[in-house]
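Please look over the sequence and the model first, and then follow the sections below.

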Amino acid sequence: MENPASPLFDAAHLARYTGGDVALRDELLGLMCDQAQRCLAIMDSPVDASAWRAACHTLKGAARGVGAFALADLCDAIEPAAEPAWPGARLQVERCVRETELAFAQAD
C-alpha cells in the first residue's frame, strides 16, 4: 500500500503544525481516525457518486492535514472511480487506514 513517495505517516509534517505538542498531535490523530471511520461508513454504501466523491475528498483532506500522505494519495486516486470499482476501492482504503493507524500508534 505504501508508495515510497507517499509515507503512511510523516510525523515531522504534523510536528511543524503542532509545535511538537504531543497532546495536540494525539488529539489530531484521534480526530483523523474518527473521520476515517465516518468516511468508510459512507463509502460502504454511498447513496450516489456525489456521496462517494465527498467521502473520498473529506478523508483525503483529513489525511493530508496530519501527514498521512499514502492514505491521502489513495483517496485522491479513487475519488473519480466509477460505481463498479467502489467495493474494491473501499477495501483498499480500509487496509490503508489500518496501516496508517498502526503508524500513528508508533509515533513518538
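## Basis of the report

D73 is partly exposed, with a relative accessible area of 32%, where buried stands for under 20% relative accessible area, exposed for over 50%, and partly exposed for what lies in between (1.4 Å probe, protein chains only). The model is a predicted one, in which local features need pLDDT of at least 70 and side-chain atom pairs count only at pLDDT 80 or more, while totals for chains, interfaces and linings use all residues. Residues are numbered from 1 along each chain as its sequence is written, and side-chain values use heavy atoms, with hydrogens and water left out.

## Salt bridges

D73 is joined to R64 by a salt bridge between their side chains, at 3.2 Å from N to O; the term stands for a side-chain nitrogen of Lys or Arg within 4 Å of a carboxyl oxygen of Asp or Glu. R64, at 34% relative accessibility, is partly exposed. Side chains of opposite charge can pair when their charged atoms come close. Across the whole structure, a search finds seven salt bridges.

Another of these pairs is D44 with R90, whose side chains meet at 3.6 Å, N to O. This pair links distant parts of the chain, since D44 lies in helix α2 (residues 22–44) and R90 in helix α5 (residues 86–105), 46 residues apart; helices here are DSSP runs (H or I, at least four residues), numbered from the N terminus. D44 is exposed, with a relative accessible area of 53%, whereas R90 is buried, with a relative accessible area of 15%. R90 also forms a salt bridge with E94, at 2.8 Å from N to O, and because R90 and E94 are four residues apart in helix α5, they are separated by about one helical turn. E94 is partly exposed at 26% relative accessibility, and a network of salt bridges links D44, R90, E94 and R98.

## The nonpolar core

The largest nonpolar core has 32 residues, and those with the most contacts inside it are M32, L59, L71, I78, V93 and F104. Such a core is a set of buried Ala, Val, Leu, Ile, Met, Phe, Trp, Tyr and Cys residues joined through side-chain atoms within 4.5 Å. At least two residues of this core come from each of α2, α3 (49–66), α4 (69–78) and α5. When residues up to four places away in sequence are not counted, V93 touches L40, M43, L59, L71, L74 and I78, contact being defined as heavy atoms within 4.5 Å.

## How the helices pack

The axes of α2 and α3 come within 9 Å and cross at roughly 165 degrees; axes are lines fitted to C-alpha atoms, for helices over the stretch in contact, and angles run from 0 to 180 degrees between N-to-C directions. The helices α2 and α3 are therefore roughly antiparallel to each other, given that angles over 145 degrees count as roughly antiparallel, those under 35 as roughly parallel, those from 65 to 115 as roughly perpendicular and the rest as oblique. The residues making this contact include L28, M32 and I42 of α2 and A51, A55 and L59 of α3.

I42, in helix α2, is partly exposed at 40% relative accessibility, and its contacts with A51 and A55 are found when residues up to four places away in sequence are not counted. The C-alpha atoms of I42 and L28, 14 residues apart along the chain, are separated by 21 Å.

The helices α3 and α5 pack at an angle of about 20 degrees, with their axes 13 Å apart, and they are therefore roughly parallel to each other. This contact is made by A49, W52, L59 and V66 of α3 together with W86, A89, R90, V93 and F104 of α5.

## The enclosed helix α4

How many of the 10 residues of α4 are buried? Seven of them are, so α4 is largely enclosed by the rest of the structure. The buried residues of α4 are F69, A70, L71, A72, L74, C75 and I78, and what covers them includes α1 (11–18), α2, α3 and α5.

K60, which lies in helix α3, is buried at 10% relative accessibility. Leaving aside neighbours within four places in sequence, K60 is in contact with A72, C75, D76 and E79.
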